[in-house]
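Have a look at the model before reading on.

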Amino acid sequence: DSSEAGMSVTMSGVGFMQNVLTYGTVVNVGGSLSIDKGRFNGNEIRIGDIAVMESGELFISNSCFDESASMVPGTIFIDDTSFLQENVNTFGFDNTDGGFDNGLSCTDIFIVAVGSDCSTGANCNGTCTTFTSKTCPLDVASLPTITPGGTDEVVGGGTDKKDTPSTEYARSKNSQDKPSVVPVVVAVLVCSFIVFGLGFIIFKRKRKKPASESAFQGDLAEVDVEDSL
C-alpha cells in the first residue's frame with residue numbers, strides 16, 4: 001500500500017534542548033514517528049519542535065515542550081498531507097510562535113487544513129489541537145514517593161530504591177529541658193537537719209536522768225550507811 005509510511009522510527013526517553021535550527025528539531029518526512037517521554041526545551045526553529053510532512057504520521061505520548069519558539073504556528077507542525085495518530089499525556093508551557101499577518105497563532109499542535117500553504121503565511125489555515133496534560137509527566141515521574149517501611153521509590157518505572165532508617169521524633173533540648181539540681185540539694189539539707197536534730201534530742205534525753213531515780217538512789221545510800229553502823 002503506497003499510502004503507508006515508508007519508514008518507522010521510535011524514540012523513548014530523549015531530550016532536545018537549546019537548539020537553533022532552520023526547520024524542526026525532529027523532522028519526519030513520509031515516515032512513521034513515535035516519541036515517548038521526550039523533552040523539548042528552549043529550541044528556536046522555523047517549523048515547530050516536531051515537523052511531520054509528506055504523508056507522515058506521528059504518535060506522541062508522555063512528552064513535554066517548554067520555552068520553544070517557532071516561526072510558523074504550532075510547537076508540533078503537521079502539514080495537510082500528514083496525520084496525528086496519537087496525542088497522549090502531552091504538556092506545553094511558555095511556547096511561542098511568530099504569528100502570521102492574518103493573526104493565526106497556535107502554540108500546541110497545529111494541523112494544516114487541506115489546500116493551505118503555511119510556507120509564507122499568506123494562505124495558512126488549520127486546526128490547533130491542544131496538549132492533553134496540565135503538568136509535565138516527566139517532572140511528576142521524577143519525584144520520589146515515600147512508602148511505608150522506610151523506602152524511597154522512584155515513581156514511573158524507576159528501580160533505584162534506597163533504604164532509609166526510620167527514626168523517632170525527638171524534640172531538641174533547650175535550657176528549660178535541663179534538670180535543676182537546686183531542689184535536690186535543698187531536700188538533702190533539710191533531711192540532714194531533721195536527722196541530726198532528732199539524734200541530738202535522743203542523745204540529750206539519754207544523758208539526763210529523771211529526778212525520782214536520783215532520790216531513790218540517795219535513799220538506798222542512807223540505808224546502807226545505817227546498816228553499817
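Start with a polar atom in the side chain of Asn28, which lies 2.9 Å from the backbone oxygen of Gly31. The side chain of Asn28 also reaches the backbone oxygen of Glu57, at 3.1 Å. This is a predicted model, in which local features need pLDDT of at least 70 and side-chain atom pairs count only at pLDDT 80 or more, while totals for chains, interfaces and linings use all residues. Residues are numbered from 1 along each chain as its sequence is written, and side-chain values use heavy atoms, with hydrogens and water left out.

Is Asn28 buried or exposed? Asn28 has a relative accessible area of 6%, so it counts as buried (under 20% relative accessible area, using a 1.4 Å probe and protein chains only). Setting aside neighbours within four places in sequence, Asn28 is in contact (heavy atoms within 4.5 Å) with Leu33, Ala51, Val52, Met53, Gly56 and Glu57. You will find Asn28 in strand S2, residues 26-29; strands are DSSP runs of E with at least two residues, numbered from the N terminus.

Now turn to the strands that pair, meaning that DSSP finds at least two bridges between them. An open sheet is formed by 3 strands in the order S4-S7-S10, with parallel pairing. Its edge strands, S4 (44-45) and S10 (96-97), each pair on one side only. Between S4 and S7 (residues 69-70) there are 2 bridges, and Glu44 stands opposite Ala69 in S7.

Elsewhere, strand S8 (residues 76-78) runs parallel to strand S11 (residues 109-112), joined by 3 bridges. Here Phe77 stands opposite Phe110. S11 also pairs with strand S12 (residues 126-129), in the antiparallel sense over 4 bridges.

Terms used
Buried < 20%, exposed > 50% of the residue type's maximum accessible area, 1.4 Å probe, protein only. Polar contact = N/O pair within 3.5 Å; in protein donor to acceptor, adjacent residues only side chain to side chain.
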